[in-house]
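Please look through the sequence and the coordinates below before reading on.

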Amino acid sequence: PKEKNPFITFVLGGPGSGKGTQCIKIVETFGFKHLSAGDLLRREIASNSADGAMILNTIKEGKIVPSQVTVKLIQKEMESSGSNKFLIDGFPRTEENRVSFERIIGVEPNVVLFFDCPEEEMVKRLLNRNQGRVDDNLETIKKRLKVFEALSLPVINYYSHRGKLYTIKAVGTEDEIFEQVRPIFTAFEV
Ligand code: UP5
Ligand code: MG
């Protein structure tokens, strides 16, 4: 029963912890549909939608876009995807995001991955990325790190208490990190 029992993974971790990079590898190996909340929001900005200006300002400040906006985008992608295995990357970032997703989508994640990376490594990666992201400057990076600690760590703790959290040491090569991820999905036989 496709729509009844989707397999949902939340992919969490600080800015630059390697969520997007590892999601590509997970998709290659296990065939999930990858939904990056940040990419969906950036697409809204690029398409000049009604919320675009608000989203751009929020991202520039490293703050969190209102839950209803993000959840609506995720919901639309889930419904049109034809998949029932989802990697939701960079969401939920706040307890409010989490509750909103559970209320609107009506399901909880099966697995929550936490890419645990030291701050100095994350800062180094983001400053080296060079893809023109409006939030990859030291001033905004500092704000993103503060928001992660204050608002996103509580979500990670919540899933830890629920027994759903898998913490990955997100340092080393991309392949070394993926070898920590692989057995999690192998065990779930997804
Ligand atoms: N890299 C990756 N792995 C490496 C490794 N093992 N060794 C060395 N380098 C490595 O990686 C970052 C960089 O590091 C890349 O250059 C990569 O090659 C290299 P990446 O995989 O992109 O890391 P990721 O964790 O995805 O970093 P990202 O910057 O995307 O994380 P954020 O969580 O900050 O960004 P996101 O796009 O999710 O959100 C952006 C903003 O959107 C948020 O700050 C917020 O304002 C807003 N937002 C919301 O409001 N609500 C949401 O729900 C989501 C986003
Ligand atoms: Mg990303």
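**From a helix end to the ligand shell**

Just after helix H5, Gly-106 takes a positive phi of about 80°. This is a predicted model, and that holds for every value discussed here. H5 itself runs over residues 95-105, and its buried residues are Asn-97, Arg-98 and Phe-101. Seen down the axis of H5, these buried residues fall within an arc of 100°, so they line one face of the helix. What covers the buried residues of H5 includes helix H4 (67-81) and helix H7 (138-161).

Asn-97 counts as buried because 23 C-beta neighbours lie inside 10 Å, where the cut-off for a buried residue is 20 or more. Leaving out residues up to four places away in sequence, Asn-97 touches Ser-67, Thr-70, Phe-91 and Pro-92. Two of these names lead back to the loop between strand E3 and H5, for Pro-92 is found in that loop, and the peptide bond from Phe-91 to Pro-92 is cis, with omega near 0°.

Gly-90 also has its place in the loop between strand E3 (85-89) and H5. With 23 C-beta neighbours inside 10 Å, Gly-90 counts as buried, and, residues up to four places away in sequence not being counted, Gly-90 touches Val-11, Lys-19, Ser-36, Ala-37 and Gly-38. The unreviewed UniProt entry includes Gly-90, Phe-91, Pro-92 and Arg-93 among the positions under "binding site", together with others such as Arg-42, Lys-63, Arg-133 and Arg-144.

What surrounds ligand 1, and which residues are closest? The shell has 30 residues, and the closest are Pro-15, Thr-21, Gly-38, Gly-90 and Arg-125. The elements that give two or more residues to this shell are helix H1 (19-30), helix H2 (37-46), helix H3 (52-60), helix H6 (119-129) and helix H8 (174-188). By class, the shell around ligand 1 has nine nonpolar, 13 polar and eight charged residues.

Another "binding site" annotation in the unreviewed UniProt entry covers Gly-16, Ser-17, Gly-18, Lys-19, Gly-20, Thr-21, Arg-129 and Gly-172. Lys-19 is buried because 22 other C-beta atoms lie within 10 Å, and beyond its neighbours within four places in sequence Lys-19 is in contact with Val-11, Gly-13, Asp-89, Gly-90 and Phe-115. Gly-172, by contrast, lies in the loop between strand E5 (165-169) and H8, and Gly-172 is exposed, with 12 other C-beta atoms within 10 Å.

Arg-144, already named among the UniProt positions, lies in helix H7. Is Arg-144 buried or exposed? Arg-144 is buried, with 22 other C-beta atoms within 10 Å, and its contacts, leaving aside neighbours within four places in sequence, are Pro-15, Gly-62 and Asp-135.

Not counting residues up to four places away in sequence, Leu-113 touches Thr-9, Val-11, Leu-12, Tyr-166, Ile-168 and Val-181. Phe-114 lies in strand E4 (residues 111-116), and Phe-114 counts as buried because it has 24 C-beta neighbours inside 10 Å. Although Phe-114 and Gly-13 are 101 residues apart in sequence, they are 5.2 Å apart in space, C-alpha to C-alpha. Gly-13 is accordingly listed with Leu-12, Ile-156, Leu-165, Tyr-166, Thr-167 and Ile-168 as residues that Phe-114 touches, not counting those up to four places away in sequence.

Two backbone details remain. Phi of Asn-130 is near 60°, a positive value in a residue other than glycine; Asn-130 is found in the loop between H6 and H7 and is exposed, with 8 other C-beta atoms within 10 Å. Phi of Glu-189 is near 55°, again a positive value in a residue other than glycine; Glu-189 has its place in the segment after H8 and is exposed because 5 other C-beta atoms lie within 10 Å.

Conventions: Residues are numbered from 1 along each chain as its sequence is written. Chains are lettered from A and ligands numbered from 1 in the order in which they are written. This is a predicted model: local features need pLDDT of at least 70, side-chain atom pairs count only at pLDDT 80 or more; totals for chains, interfaces and linings use all residues. A residue is near a molecule or strand if its C-beta atom, placed from the backbone, lies within 6 Å of it. Helices (H or I, at least four residues) and strands (E, at least two) are DSSP runs, numbered from the N terminus. Ala, Val, Leu, Ile, Met, Phe, Trp, Tyr, Cys and Pro count as nonpolar, Asp, Glu, Lys and Arg as charged, and the others, Gly among them, as polar. UniProt positions are given in the numbering used here, feature names are shortened, and annotations may be inferred rather than shown by experiment. Two residues are in contact if their C-beta atoms, placed from the backbone, lie within 7 Å. The arc is that of the directions from the helix axis to the C-beta atoms.
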